Amino acid sequence: MSEQILFKVTVDNITIEVPAGTTILQAARQIGGTVAPPAMCYYSKLKGSGGKCRTCLVEVSKGSEKDPRPMPKLVASCRTTVMDGMEVKNITSEKVIDARAGVVEFLLLNHPLDCPICDQAGECHLQDLSFEHGASNTRYEFQRRTFKKHDLGKHIQLHMTRCILCYRCVFTADELTNKRVHGILDRGDHAEIATHIEKSLDNEFIGNVIDVCPVGALTDKTFRFKNRVWFLKPMDAYRDCPTCSGRVTLWNRGDEVFRVTARKDEWGEIEDTPQGKPGWICNTCRFDKKQSSDWVIEGPRAISRQSVISQGHYAGNVGTHIPNETFAAINEGRAPHLLMDIHNESEVNQINIHLSENEGPSNGTTFNQNINNA
Amino acid sequence: MGVKLLLEKASVPGIRSYDVYRREGGYAAVEKALKEMSIEAIVEEVKKSGLRGRGGAGFPAGMKWSFIAKPEGVPRHLVCNADESEPGTFKDRYLMEFLPHLLIEGLIISSFALGSNDTYIYIRGEYAWVATILEEAILEATKNGWLGKNILGTGFDCMIHVHRGAGAYICGEETALIESLEGKRGNPRIKPPFPAIQGLWMRPTVVNNVETLAAIVPIIKMGGEEYAKIGVGRSTGTKLISACGNINKPGVYEIDMTISVEDFIYSDEYCGGIANGKKLKACIPGGSSVPILPANLLLKTAKGETRYMNYESLSDGGFATGSMMGSGGFIVLDEDQCIVKNTLTLARFYRHESCGQCSPCREGTGWMEKILQKIESGKGEMSDIDLLWDIQRKIEGNTICPLGDAAAWPVAAAIRHFRDEFEWHINHKELAQTSNFGLQHYADPIHVPA
């Protein structure tokens with residue numbers, strides 16, 4: 001075994017060593033946090049994906065140790081491999097922030113913004129992206145393109161109006177299924193995801209296109225309009241499935257299983273099985289096993305505390321410890337991704353005051369006493 | 001009369017047929033290259049010639065050839081890019097239509113130099129009759145032993161295949177062309193890897209423009225150094241310019257890149273002046289995607305020097321006051337032409353031709369077209385001009401392939417140089433529907449018709 005070559009790469013002033021051949025995006029994800037550029041079309045489990053949405057553009061301020069010239073244009077971090085000594089600017093670069101705001105605006109141009117009736121709301125990557133990088137209003141004043149809804153088989157509905165043409169589902173259909181009937185028709189702003197012609201997608205693994213879709217263009221017909229995702233409790237579960245790994249996330253309300261998805265990691269991508277293969281799940285697990293008795297529950301699914309899905313439950317599960325350092329100290333001067341720091345906004349939320357220690361309901365008087373005592 | 005290297009024999013009757021072409025000294029360059037020269041010597045001659053790619057970007061052809069990877073046991077390919085779809089450019093069509101054997105001759109030499117046994121001509125779908133001409137010419141060349149197995153007894157095998165596109169501008173981008181040639185949807189690939197490493201069927205590939213490959217023939221005949229003496233600076237050799245628009249003599253001209261833009265437009269040898277005794281207002285000097293220039297910046301650079309028809313001089317001043325040589329589509333606009341409408345036409349073209357793969361180009365081109373349509377139809381507001389500027393700025397440089405840039409540049413240049421005309425359109429909504437902004441300050445100051 002030859003020793004793996006490690007490249008040193010610096011993203012937003014944080015240096016990490018990664019094996020040669022790693023992309024900038026993967027290196028940044030290993031650092032994690034705000035350093036990782038957003039990605040709408042790139043999906044590490046799908047070969048050939050990425051490079052299309054342009055949200056992951058970064059500035060390479062130093063090409064490598066050998067050739068320190070900066071790259072002339074912003075590059076797609078998901079498809080650019082690191083070089084030794086490369087220095088990358090993500091959120092520390094004005095150019096990147098500006099270009100990304102532009103990309104978000106372009107992506108939202110023809111998007112219907114029907115989040116209130118969209119099943120993806122709450123776990124939509126485009127929602128997160130526009131919340132973080134987008135403007136609160138649009139400069140577009142023309143009619144948006146619309147499409148009719150199509151049923152792709154009895155379980156999946158395609159709503160092209162919401163689609164951002166990331167091509168993820170095309171790659172999924174291409175790589176997971178052996179008979180390809182799914183692709184892109186037309187070009188430009190009237191291009192659409194389609195089956196030839198309005199055929200149903202009929203394959204044991206085709207349900208995975210729902211999981212890879214970053215927006216609400218491909219939805220699970222067994223779940224459509226049944227519930228909002230943030231009212232559901234995600235639970236890790238498994239079953240002995242003859243066709244797939246059987247490792248899933250159940251979305252429960254009470255005892256009722258509303259939907260079944262594959263397990264997704266913090267980047268919204270499907271987790272690997274313990275055998276190291278992507279944990280795609282089969283249609284039977286996804287659409288047909290909707291009884292709690294079908295599954296062995298492993299426990300609650302850890303959801304990032306920033307996610308809207310975690311609202312209302314799982315207090316104390318993930319990330320509730322309070323850091324002692326200030327954000328600026330941890331992030332080396334980079335601005336934190338917070339709208340406001342609630343600890344500073346109101347004295348009610350001062351971390352050294354424990355409201356639970358009050359007897360009875362708290363009000364201003366008891367609170368002031370508390371401060372004085374503390 | 002300037003030097004003519006490519007179109008020297010274009011007016012010989014029957015030059016399209018093999019017999020006449022051969023009698024006029026055709027295929028002598030193939031004989032010289034295959035029998036007397038080594039592969040390295042041919043590449044060296046092309047490098048010495050300083051030949052720059054004639055497709056638009058102007059990248060040195062010899063350098064491009066030297067980048068091709070040569071792994072053991074992997075076939076290499078040469079692809080001729082004949083998907084000439086840039087509005088205003090029709091030089092390759094002329095070349096292929098009248099001198100098909102010249103292209104084939106260049107292709108044989110280049111294939112030999114690059115080690116390509118299967119060479120492809122990817123021709124634009126709309127050029128259906130030209131494809132037939134090429135196919136007939138290839139058949140003639142094969143019959144006479146210039147193509148096929150063991151050419152001239154050198155042991156070199158080469159076959160040229162003609163592949164017709166299906167009408168997509170984007171397939172003129174080299175990686176989209178390769179995808180299309182492979183039978184896939186013509187979406188540009190994400191680079192790297194570059195075609196020289198992984199191109200057609202993941203094999204090392206060189207994609208060259210028709211004119212570039214045809215220019216190999218005179219380079220081999222006269223030698224690279226002699227070729228480099230023609231022209232000026234890094235703009236060596238001759239260039240085909242397809243002139244169109246409001247001029248007296250539209251057509252394809254071969255120039256040696258030392259003449260000035262003024263001479264090119266007004267001399268009787270070339271464009272013959274502006275048609276109908278009008279004045280020159282603006283010009284797009286290199287095909288629709290390069291920045292438009294007003295007459296005063298076209299004839300003289302910002303420093304007041306004479307502008308010449310070559311790569312350096314046309315791009316003098318950058319995009320602020322210059323333009324590009326591009327693919328040589330010289331579009332002349334007279335005083336009656338409306339810049340807003342012209343920009344709308346171009347924006348509509350790019351919206352229609354965007355492949356839809358990456359978001360800035362897919363959404364941005366459509367948005368720009370709609371805003372320009374709004375201004376043109378008398379509903380524009382002042383803020384629309386700044387909005388257009390902002391949109392083009394966010395498209396440029398952020399896309400996978402140069403189509404995004406090509407869509408952004410014409411809009412940017414039109415606003416940069418003709419902002420007052422846009423403002424006039426917005427301030428005089430009803431007048432703008434019936435009359436024209438006219439010449440104003442950017443008019444051609446030199447040639448005032450009597």
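Two strands count as paired if DSSP finds at least two bridges between them. By that rule, β11(A) and β14(A) are paired, since they share four bridges in the antiparallel sense. The structure is a predicted model with a contact between chain A and chain B. The points below cover confidence, the contact between the chains, and selected elements of each chain.

**Confidence in chain A**

- The average pLDDT of chain A is 82, and 80% of the residues score at least 70.
- Residues 314-322 of chain A have a pLDDT that stays under 50, and the model gives this stretch 11 contacts beyond four places in sequence.
- The pLDDT is also below 50 over residues 338-345 of chain A, where the model has five contacts beyond near neighbours in sequence.

**Contact between chain A and chain B**

- Chain A brings 26 residues to the contact, and chain B brings 22 residues.
- On the side of chain A that touches chain B, helix α2 (residues 94-109) of chain A gives the most, with six residues.
- That side of chain A is made up of 15 nonpolar, four polar and seven charged residues.
- Phe106(A) is a residue of helix α2 of chain A.
- Phe106(A) has 28 other C-beta atoms within 10 Å and therefore counts as buried, the cut-off being 20 or more.
- Leaving aside residues up to four places away in sequence, Phe106(A) touches Ser359(B), Pro360(B), Glu363(B) and Gly364(B).
- Within chain A, Phe106(A) and Tyr140(A) are 34 residues apart in sequence, and their C-alpha atoms are 9.6 Å apart in space.

**Strands and a loop in chain A**

- Strand β14 (residues 296-300) of chain A is hardly covered, and the count of buried residues among its five residues is zero.
- Phe231(A) sits in the loop between β10 (218-220) and β11 (233-238) of chain A.
- Phe231(A) is partly exposed because it has 14 C-beta neighbours inside 10 Å, which falls between the limit of 12 or fewer for exposed and 20 or more for buried.
- Phe231(A) and Arg253(A) are 22 residues apart along the chain, with 7.2 Å between their C-alpha atoms.

**Domains of chain B**

- Chain B is assigned domain 1 (18-229), domain 2 (240-334) and domain 3 (339-440).
- The C-alpha centres of domain 1 and domain 3 of chain B are 36 Å apart.
- Where these two domains of chain B meet, 10 residues of domain 1 are in contact with eight residues of domain 3.
- The side of domain 1 of chain B that touches domain 3 has seven nonpolar, two polar and one charged residues.

- In helix α2 (residues 28-36) of chain B, the buried residues are Ala29(B), Val30(B), Ala33(B) and Leu34(B).
- These residues lie on the same side of α2(B) because they cover an arc of only 115 degrees around the axis.
- Glu31(B), Lys35(B) and Glu36(B) are exposed residues on the face of α2(B) turned away from its buried side.
- The elements of chain B against which the buried residues of α2(B) pack are α3 (39-49), α6 (100-114), β3 (148-151), β4 (156-164) and α9 (210-222).

**Partners of β4 in chain B**

- Strand β2 (residues 116-123) of chain B and β4(B) run parallel and are joined by six bridges.
- Arg164(B) in β4(B) is the bridge partner of Ile123(B).
- The pairing of β3(B) with β4(B) is antiparallel and has two bridges.
- Ile151(B) has Phe156(B) in β4(B) as its bridge partner.
- β3(B) and β4(B) form a hairpin with four residues between them, and Leu152(B) in the turn has a positive phi of about 55 degrees.

**Partners of β8 in chain B**

- Strand β8 (residues 239-245) of chain B is mostly covered, with six of its seven residues buried.
- Five bridges in the antiparallel sense pair β8(B) with strand β9 (residues 251-255) of chain B.
- In β9(B), Ile255(B) stands opposite Lys239(B).
- The hairpin that joins β8(B) to β9(B) passes through five residues.
- Strand β12 (residues 329-334) of chain B runs parallel to β8(B), and four bridges join the two.
- Cys244(B) has Ile331(B) in β12(B) as its bridge partner.

Conventions
Residues are numbered from 1 along each chain as its sequence is written. Chains are lettered from A and ligands numbered from 1 in the order in which they are written. This is a predicted model: local features need pLDDT of at least 70, side-chain atom pairs count only at pLDDT 80 or more; totals for chains, interfaces and linings use all residues. Two residues are in contact if their C-beta atoms, placed from the backbone, lie within 7 Å. Ala, Val, Leu, Ile, Met, Phe, Trp, Tyr, Cys and Pro count as nonpolar, Asp, Glu, Lys and Arg as charged, and the others, Gly among them, as polar. Domain bounds come from an automatic or database domain assignment. The arc is that of the directions from the helix axis to the C-beta atoms. pLDDT is the predictor's confidence in each residue, from 0 to 100.
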